[in-house]
Amino acid sequence: MDAVPPLRLRPGAWQRLRRGLFASRVDGLISIVLIGFLLAAALGLAKWALFQAQWAVISANSTLFAVGRYPLEQQWRLWLLTTLLALATGLSWGLLRAFPRSGPPVTLWPRNDRWAVAILVVLAIWRPMALQLALPIQMRWWAITGLLLLARWAAGRWGQAIPQVSRRLVPLIWPLLYLVGMVLISGGLGLVQVAPSEWGGLLLTLLMSSFAILLCFPLGVLLALGRRSELPLLRWGSVLYIEFIRGAPLITLLFLGQNILGFLLPGGMAPDRVWRAAWVLTFFAAAYVAEAVRSGLSAVPAGQLEAARSLGLPLPLALIHVVLPQALRVALPATVGQFITLLQDTTLLSLIGLLDLLGTARTVMANPEFLGKNAEVYLVLAVLFWCCCAALGLGSRALEIRLNPQAQPSR
Amino acid sequence: MTPSPAVMIEARGVEKWYPNGFHALRGVDLSVEQGEVVVIMGPSGSGKSTFLRTFNGLEDFQKGSITVDGITLSDDLRHIDAIRREVGMVFQQFNLFPHLTVLDNLTLAPVLVRKLAKAEVQRRALELLERVGIAEQAHKYPGQLSGGQQQRVAIARSLCMEPRIMLFDEPTSALDPEMVLEVLEVMQGLARDGMTMVVVTHEVRFARQVADRVVLMDDGEVVEMAPPERFFSNPQHPRSRQFLSQIS
């Protein structure tokens with residue numbers, strides 16, 4: 001058994017706290033006032049959440065918030081997708097731990113991971129109960145969480161035994177899973193079609209944002225490269241595009257997209273309203289991602305491209321193998337910032353009549369049965385969005401550390 | 001009479017204007033034979049680096065012609081890449097790829113451009129690292145090496161493409177004094193092995209000991225071209241004399 005380090009405050013923690021908060025009389029006064037405010041606010045929120053708030057509005061509509069009006073008899077497809085996602089997550093997580101890029105030797109459950117597991121288990125047990133889901137549904141959540149942890153454990157335990165060739169294929173399960181997910185959600189290949197107008201809630205929000213995030217990234221990289229190209233047509237085209245998009249509010253573009261795509265494309269060719277919005281989101285975010293990537297490109301010294309070219313690498317190879325790996329690492333935090341903005345911008349879809357999380361919430365609040373329960377609904381929305389954004393942020397942070405070969409002393 | 005060796009670089013009447021109108025090269029001629037070591041010296045801003053960089057197309061020029069290893073430089077990108085495969089270049093700022101290990105820095109181009117098997121290239125790369133004296137650093141990243149070590153890796157990286165010509169653009173100017181010698185020694189070894197080299201440098205001792213010819217450039221022109229012993233002991237042109245008095 002590996003020794004678990006005892007949990008204790010580091011020596012000096014109390015002194016540091018005292019020095020930080022009560023260094024002088026004025027400091028102490030400010031600290032006391034601020035802590036008082038914070039405590040009062042937290043107490044007020046807790047009192048409201050525990051005694052006054054009526055959470056029935058959430059538990060009664062939990063399916064609506066999750067998937068909108070997705071047909072009940074087809075929801076097994078979403079459960080299947082969730083299960084697959086949990087397995088893929090567990091597998092990738094375990095493999096990342098089995099092959100640390102650098103740092104201390106492998107441990108099966110590092111401290112951060114134990115925290116993550118604890119949070120996952122608590123959420124898996126408490127959340128379905130709090131939502132007063134039927135027992136079979138609660139058990140499904142337990143099973144899915146169990147599968148995730150099982151995959152995590154197995155991959156961490158035996159990951160190193162997987163031959164390198166097949167391990168290289170593991171990241172490919174994600175794009176594959178995305179395609180499988182698309183089929184599962186929308187139907188086809190023998191499955192009943194579920195029209196996009198029936199998607200809603202968290203499902204629609206996550207689908208729209210993941211679609212836009214995945215596509216706006218390569219598009220943004222191409223635009224950034226175009227903006228720095230020596231070919232005038234390419235350069236001015238990229239500049240024009242980026243500046244036009246950045247000069248218009250997203251909501252305008254969304255309305256424009258809903259109306260204009262119908263005129264531009266012959267009848268029936270125009271994508272469905274939901275997909276129109278998804279493409280507008282993609283094109284919108286691409287312009288901002290392009291600017292983030294451009295800042296990364298500027299951070300790579302010109303000598304890098306010169307060295308690569310003078311070794312005989314043609315421009316595309318020099319960009320792919322030398323310039324972009326360095327530029328994208330620099331641009332990563334700003335790019336993920338754009339992704340987070342994009343995720344939050346999906347709430348604008350409710351203004352063009354789509355039932356994303358916010359749209360669903362508005363229909364729920366308009367229901368006479370739940371009149372005046374706005375606070376409960378908005379609080380839950382805020383927490384949901386916060387969770388998604390925090391996950392993106394954590395992921396980006398982990399990626400940043402992993403992509404950094406070592407602490408490079410800057411020249 | 002021995003047959004005259006092949007001409008590796010032939011530059012005739014090269015003129016270059018920068019976009020801002022600055023006339024950087026004013027009709028420069030130079031011819032470098034196989035196995036020759038030519039050192040280009042001159043005050044900063046004299047156009048010596050610019051001239052060197054025209055040989056592998058890092059700088060363009062408006063008039064004149066340059067032929068490298070039998071290939072004439074033109075706008076045709078295939079020609080430029082063909083020349084760059086045969087011409088190695090070492091930079092003042094090393095320009096190693098910081099996201100790749102030392103070994104990967106060496107193998108990247110041979111694998112991607114020459115399409116050689118990775119294992120074979122790695123074997124040659126390790127030999128080269130041995131030759132420049134840093135085989136034990138092969139799996140480190142450039143940022144973990146000293147300046148002198150980095151520059152030696154940069155030389156090995158160029159050699160890994162098995163070039164027929166090596167260009168050096170002030171290879172020791174960014175180094176701490178105690179690291180200059182280890183880099184110059186590697187270059188001296190290269191010259192001994194018969195590599196054709198054009199070196200822009202301020203290292204008088206290297207020029208004296210290794211160069212076959214020294215070229216002095218000033219104001220975008222070749223002022224004087226002579227074997228080192230004559231150049232350093234008996235310079236003909238007043239601007240050469242002025243330059244030599246400034247650096248010694």
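**Strand 9 of chain B**

Tutor: Five of the six residues of strand 9 (residues 213-218) of chain B are buried, so this strand is largely enclosed by the rest of the structure. The model is predicted: local features need pLDDT of at least 70, side-chain atom pairs count only at pLDDT 80 or more, and totals for chains, interfaces and linings use all residues. Residues are numbered from 1 along each chain as its sequence is written, while chains are lettered from A and ligands numbered from 1 in the order in which they are written.

Student: Which strands pair with strand 9 of chain B?

Tutor: Two strands pair if DSSP finds at least two bridges between them. Strand 3 (residues 37-41) of chain B runs parallel to strand 9 of chain B, joined by four bridges; here B:Val39 has B:Val214 as its bridge partner. Strand 10 (residues 221-226) of chain B is antiparallel to strand 9 of chain B, with five bridges, and B:Val215 is partnered by B:Met225.

Student: Which residue takes a positive phi in the hairpin of strands 9 and 10 of chain B?

Tutor: B:Asp219 does, with phi near 60°, and the hairpin has two residues between its strands.

Terms used
A residue is buried if 20 or more other C-beta atoms lie within 10 Å of its own, exposed if 12 or fewer, and partly exposed in between; C-beta atoms are placed from the backbone.
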